[in-house]
Structures are given as structure tokens and as C-alpha cells.
Amino acid sequence: MIAHSIFFYTFSIIAIVSAIMVTASKNTVHSVFFLILDFISISCLFIMIGAEFLGMIMLIVYVGAVAVLFLFVVMMLNVAQQKNQWFSSEESSKHIPVGLIISTLIFVELIIVVGGWKYKPDLFDINNSIEINNVSNTHSLGQVLYTDYIHIFQISGMILLVAMIGAIVLTFRKRVGVKTQSYIKQISRERSDGVSVVKVESNKGVRIDD
Amino acid sequence: MEYLSILFDQVYKILFLLVPVLVSVAMVVWLDRRVWAFVQKRQGPNVVGPFGLLQTIADALKYIFKEIIIPSSSNKVIFILAPIVTMTLALIAWAVIPFSATQVLADINVGILYLFAVSSLGVYGIIMGGWASNSKYPFLGAIRSAAQMVSYEVSIGVIIINVLLCVGSLNLNDIVIAQQNLWFVIPLFPMFVIFFISALAETNRPPFDLPEAEAELVAGYQTEYSGMMYAMFWLGEYANILLMCAMGAILFLGGWLSPLEIYPFTLVPGPLWLVLKILLLFLLFALVKAIVPRYRYDQLMKLGWKVFLPLSLIWVVLTASYLFYFNLLPVN
């Protein structure tokens, strides 16, 4: 039990400190690395409460994919330089009130959600929960998502699909004059398409492209 | 006191796993070079020790005694952290590999997800190294590898889903036991081929070694590294290759199961079968390196997104419909 709490406090301290460092560090790339550290320690906490599936999915989705794309973007943009220009100019003061309003709104919303939180009445009844926990938590998650709430799950999938298509449509542009490789064209090319025997008259020559 | 004894027990088990892994990484580097030389009608390393077996150890000694150079304009903390991350991630994944029904360090419920998560974290070693070097070639190599590894992970994930549909469990031992009658390489053969090719891309092996394509990027993300730090990248890479081979052996070749449950095969213990299967897959890796020329980068991305991903997604639908129609879906 002591070992358990030692691990718990270690991971939570790392999580909180790295969360603070995400906003406090001056280098944006460092911020992303601290964000990754935060994700990893949160997933460790998930695993400690027995939600190993959630912890692993957190690692795979957030650390393995989302944070890589974050890093990608942050490394490509010259954020540090832009930030310096930003803070030295007059413009920054106009945006501070907007940011403050949005962040207070989110904070108030969070408080409302946490205040209205109700636990399932039989959650703390240990005898009850053991009976349910006969199956592993991956199975029970699958049961909830794919059997009990299948329609809601499918609708959320649809919403994500729409978002994906929207992002592709918004960023897609057809470039003209680009020579792209087409395997079918290359493979289906015959001798008759490329080579032809021409009788050249003397002193006339031959036009190659017409 | 009791806690301490558990701790010592675990440390002993971990060392018993890690030391053979590290030794076999060294041996496998030798094997790789020998196969490569054999294909090109050369001798390969054959001087140090019997058959040149100690060549890697000689190389490692040389690396250890060389000076570690940290570029003055680099980001020092991340620069030093990068090879450590690569090496650590390559080694911690071995914790869940089952060598027999009982010989497994951590027999966790979500073993395959753990393997997948750790292999998807592997990209960080390369990105950190490439960015922290603060130099052009390493950075280009890092960007390339980030895009490449993220793309090929997607198809590996879908292939894993194929296997999981047939097993009904995320536990690696359950996956092995589900193959008692028929290895998954037979019904899921196209998926095995795609897994093998994606594993090549995931570990940055030729023909997909674009992050370190020496002809265009010097050595990619490793350009600024020297001495022991370079050696750690190098060993971590080979440990990762062995890990992907182990993953392939467990998912498709029946892990520690013997090919036939009859007399001469049953004499060989389970761990040895797993090692043999890993070696077989590694031999394929080495042969591919020697035979196939490097891909162009746009072809590589096209192959990942436009060929492998749709193919493996269609195969998921096919597998699921087949299992559902013939009522073969695993139920626990």
C-alpha cells in the first residue's frame, strides 16, 4: 500500500509540475515535450487505478500521434521569433481581454460540471462492484460502447468523419501543371505508344512533337 | 523487508531478460552484416573471435572510448536525452514478450496495446535527436522519420485489430494460445506481408531508411552524434528491429508454440521456438536490406496511405464478416 501511494504521488507531482511547465517554459518545443511528459504521467495514473485500457489508448493516441503532430507544427513554425515580435508590439494588449473572457468562461463551466457531479449510488458498494468486475475492463468498455450505447457511439464517429472530411476539403487545392507519377500509365505503356518509324526525307528533317 | 525481497526478485528477473536481449542485439548486428556481405559476395566481419562473432563487442568498445561531442549550438538536455529515450523504449517493451506460458515478466491484460504504444513512442528518440542537434540534415531526417513512422503505425494498428478479432483478447499469451491449431500466418497471410513491410518502415530499415539516407542526408538524425551516444542509437535501433520481429512471431507465427505437436518438435522448449522464429524474421529483414533499393519518399508515403491502409481496413471488414457469418467470433 505504501509503495502504491509513493508511486501515486510521484506520478501526480510529475503531472502537475509538467502541466505548469507547459505554460511557463519560454521555448515552445520544450512546452510540447512537457505536454508529452504530462500525458505519460496521466496514463500511468490511469493504469494505477486499474484502467489499463484507457492508459494505453492515451499513450497511443495522444503521445504516439497527436503530440507528434504538435511537435511537427511547432518545430516548423518559427514561434519563438513571432512571440518576441508579438510582445514588443502594441497589438498584444488588445487580445488579452478576449483571452481572459474565454478562459474565465471555461473555468466557470468546469466548476459547474464538477459541482453537479453525482456518483452512481452503488459505486462504493464493494460487493456489487466485484460481481460486475468479473470481466476485464477492456471487455466492459467494449460492452458499454458497442452494445449499450452503440447509436451514440456511431453518431460521434460520424461527427468525427465530418470533421475529417471538412479539414481535407478546406486544405485541398488542385495544383495545375504538376507532373505526378501514375503507375497505371507507366505499366500500360506499349511500344506502339512511344516508338514509331518515320521515313525521313533528305534535307527536310522531322518534327518530333506535334 | 518483504517488499525488498520482492524488489530484488523482480530486479533479478529483469536482468535475466535484459542481458540476453542486449547480447543477442550484439550478435544480431554481426548476423546482419554477415548476411549483407554474403549477398554481395564479400566476407563480412570474420576476424575478431570465432567467425568474427566478437566484432560488435570490439565496435562497442571503440565507441565507448571515443569522445562524446556535444555541438555548442545544440539544445544540450534534449540532445543527451534522445539516445537514452531510444534505448530505453527499445528495452522496456521486452517486459511483456511471453517466452512460454509462464515465462513472462509482466503478463498484463493489454499486452499488445503496450507493445504498440511503446513502438509508437519510438519516434520521439529520433525527433528529439534531430531537433536538438540544431543542424539542417538531422532536422530533415527527423521530420521525414516522424511522418513515416506515424503513417506506418496506422496500418500496423489496423493489422493488430485483424489478429485481435480472431483472438478476442489483448493478452499476448492468449494470442499465442489461440494459434494452437492454426498459425495466423495462414488465414491472414496478406496481413503478415503488410505487417512485415510496415515493420521495415517503422524501424527505418532499408528500403525505407529515408531518415538516415546517407546519400542525401549524411546520416539523418545521427549526424551530430558521436561515441557512446551514437552507439546507443545504433543498439536501440537493432533492439527495436528484434522487437518488431518478436511481435511478428507472436502475432502471426504462433510465438512459443512448436510447429507440430508431435515427438521431435515437442523436445524443443518453447522459448527456443520463439527465438528461432525471431531469427527467421530477422534473416528476412537482413535479406531485404541487401536486396531491395531505397524507396523514393513520395512513393513511401503513397504506399503507406493509399495501399496498405485501405487494404488492411478492407481485410478487417472481411475478417469480421467471415467470423460473424460462420459464428466463429471468440466469446469469453
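W315(B) lies in helix 13 (residues 297–325) of chain B. Helices (H or I, at least four residues) and strands (E, at least two) are DSSP runs, numbered from the N terminus. The model is predicted: local features need pLDDT of at least 70, side-chain atom pairs count only at pLDDT 80 or more, and totals for chains, interfaces and linings use all residues. Residues are numbered from 1 along each chain as its sequence is written, while chains are lettered from A and ligands numbered from 1 in the order in which they are written.

W315(B) counts as partly exposed because it has 19 C-beta neighbours inside 10 Å. A residue is buried if 20 or more other C-beta atoms lie within 10 Å of its own, exposed if 12 or fewer, and partly exposed in between, with C-beta atoms placed from the backbone. Leaving aside residues up to four places away in sequence, W315(B) touches N162(B), P190(B) and M191(B). Two residues are in contact if their C-beta atoms, placed from the backbone, lie within 7 Å. V158(B) is 157 residues from W315(B) along the chain, yet their C-alpha atoms are separated by 9.1 Å.

Chain B holds 13 helices and 0 strands. Its radius of gyration is 20 Å, close to the 20 Å that the globule rule gives for 332 residues, so chain B is as compact as a globular protein of that length. The radius is taken over C-alpha atoms, and the rule is 2.2 Å times the number of residues to the power 0.38. The C-alpha trace of chain B spans about 65 × 55 × 50 Å along its principal axes. Of its 332 residues, 45% count as buried. Among contacts in chain B with a separation of 6 or more, 78% join residues 24 or more positions apart.

The largest nonpolar core has 119 residues, of which L242(B) and C245(B) touch the most other members. Such a core is a set of buried Ala, Val, Leu, Ile, Met, Phe, Trp, Tyr and Cys residues joined through C-beta atoms within 7 Å. Helix 10 (residues 227–252) of chain B gives the most to this core, with 19 residues. Beyond four places in sequence, L242(B) touches S24(B), V25(B), V28(B), I278(B) and F282(B).

Between the chains, 16 residues of chain A are in contact with 17 residues of chain B. Helix 3 (residues 52–76) of chain A supplies the largest share of the chain A side, 12 residues.
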